[in-house]
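Subject: Structure handover

Hello,

Here is the structure I said I would pass on. Please look through it before reading my notes below.

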Amino acid sequence: MTDVVGASATGSGLARRRRRLWLRGTALAAGLVTLGAVGGGWALYAKLSHNITADEAAADELARYERERPTALVRGAQNILLIGSDTRAGAGNGRYGRDSGTERSDTTILLHLAADRRSATAVSLPRDLMVHVPGCLRSDGRRSEPAFTLFNSAFAVGGSACTVRTVEKLTDIRVDHYMVVDFSGFKDVVDAVDGVQVCLKEPIDDKAAKLRLPAGRVTLDGEQALGYVRARKSLGDGSDTSRMDRQQQFLGALVNKVQSGDVLLNPAKLYPLLDAATSALTTDPELASLRGLYQLVRGVRNIPTDHVRFLTVPREPYVYDSNRDQLVAGRADALFALLRADRAVNVTKDGEFSAEKPGSPSSSTFRGKTAAEDSCA
């Protein structure tokens, strides 16, 4: 990882399947932790726990700005920032571009867990969103000047601490925990389960993503999976929205593969998976152990499958550059207010959202449609 401060979706049937996969994944995590902590597995448990990198530098930086950070309004509710880093530093990452000494957040999701653990909302934040990035501590010890710029530049400037502060200023929502994974770690996880199957409506030939695949059912290895989730111009409508939907779909397929008996009941596959997954993570110090992760996920497994929502923050083309995004102020503020107040969010199939009324049926569907969603003959 680069030396910076801190480590550096459509159709109701598909939506229900994604929610089931998400919840099964959290239950899986709890089960794996239990497995590692009993019997003769203590040594392996300790090793896997040690694999996780604790982001002490970011913790120190965030402590410096504690007084300006948002206050949590609802006791027990939690907000976790999930960051995918596009670092070119480190083993295997250089092939994705020149290492300029910086890295950016290629994918960022704000996951809100309700205090009663009866609902969860995952909000994708586009990397090209124009935001106010505060002055942050650089890797050379100097501080940057505040700037109105691309959201993913916050990670390049000051790592996870800067990204957390940027998200908190954007949303006025307290970020309780965060996790960072880079290209190499993502690939290792996919390879550890012997690849993940997707269904392609049309063949793919994307030179930029180094991806060439036939139509139909295809099992992607780690290298191919990385190209698949990062591609923009050759898949879907070429937008970041399409790419974010595809990333969510692939993660669901990955969790499904992990949960299969072929992985869970095979020690020869289970341990490499756990080793790859924990080695890929950089987190805040509280989460930097298997026990810390277990404490986070043990309540999530009880969330009803129809109460898990995915959506992208309301945004529109930036007024001065159509290749950039800006928040739709009123709608974005309404969404952030719901999350701050720990209100369950209802998402309709056209991408709109509203506060869910207690006891009402919820829906959670996704805007647009990508090739991976169509069933293969």
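Predicted model: local features only at pLDDT ≥ 70, side-chain atom pairs only at ≥ 80, totals over all residues.

Residues are numbered from 1 along each chain as its sequence is written, and side-chain values use heavy atoms, with hydrogens and water left out.

Confidence

The pLDDT is the predictor's confidence in each residue, from 0 to 100. The protein averages 78, and 73% of the residues score at least 70. Helices (H or I, at least four residues) and strands (E, at least two) are DSSP runs, numbered from the N terminus. Among these elements, the lowest mean pLDDT, 50, belongs to helix 1 (residues 12-37), and the highest, 97, to strand 5 (residues 130-133). Residues 88-102 have pLDDT below 50, and beyond near neighbours in sequence this stretch has 26 contacts in the model; a contact means heavy atoms within 4.5 Å. Residues 359-375 also stay under 50, and the model has 58 contacts for them beyond four places in sequence.

Nonpolar cores

A nonpolar core is a set of buried Ala, Val, Leu, Ile, Met, Phe, Trp, Tyr and Cys residues joined through side-chain atoms within 4.5 Å. Buried means under 20% relative accessible area, exposed over 50%, and partly exposed in between (1.4 Å probe, protein chains only). In soluble globular proteins, nonpolar side chains tend to be buried together.

The largest core here has 35 residues, and Leu81, Val313 and Leu335 have the most contacts inside it. The elements that each supply at least two of its residues include helix 3 (56-64), strand 2 (78-85), strand 7 (177-182) and helix 11 (329-340). Helix 4 gives the largest share, 8 residues. Leaving aside neighbours within four places in sequence, the contacts of valine 313 include Val123, Leu125, Leu129, Leu335 and Phe336.

A second, separate core has 27 residues, among them Val190, Leu220, Ala225 and Ala231. Alanine 225 sits in helix 6 (residues 222-230) and is buried, with a relative accessible area of 0%. Not counting residues up to four places away in sequence, alanine 225 touches Phe186, Val190, Leu220 and Phe250. Its C-alpha atom is separated by 9.0 Å from that of leucine 211, 14 residues apart along the chain.

Disulfide

A disulfide is a covalent bond between the sulfur atoms of two cysteines; here the criterion is a pair of cysteine sulfur atoms within 2.5 Å. The structure holds 1 disulfide. It joins cysteine 136 to cysteine 162, S to S 2.1 Å, and is right-handed, with 75 degrees about the S-S bond. Cysteine 136 is in the loop between strand 5 and strand 6 (147-150), and cysteine 162 is in helix 4, 26 residues apart. Both cysteines are buried.

Helix 5 and helix 9

How do these two helices lie relative to each other: parallel or antiparallel? Their axes come within 8 Å and cross at roughly 170 degrees, helix 9 being residues 267-279. That makes helix 5 roughly antiparallel to helix 9. Axes are lines fitted to C-alpha atoms, for helices over the stretch in contact, and angles run from 0 to 180 degrees between N-to-C directions. Angles under 35 degrees count as roughly parallel, over 145 as roughly antiparallel, 65 to 115 as roughly perpendicular and the rest as oblique.

On the helix 5 side, Asp188, Val189 and Ala192 meet Lys269, Pro272, Leu273, Ala276 and Ala277 of helix 9. Leucine 273 is buried, at 5% relative accessibility. Leucine 273 and valine 189 are 84 residues apart in sequence, yet 6.0 Å apart in space, C-alpha to C-alpha.

Residues with positive phi

Arginine 117 has phi near 55 degrees, a positive value in a residue other than glycine. Arginine 117 lies in the loop between strand 3 (105-113) and strand 4 (120-124) and counts as buried at 16% relative accessibility. Aspartate 194 has phi near 60 degrees, also positive. Aspartate 194 is in the loop between helix 5 (183-192) and strand 8 (196-200) and is partly exposed, at 47% relative accessible area.

Regards
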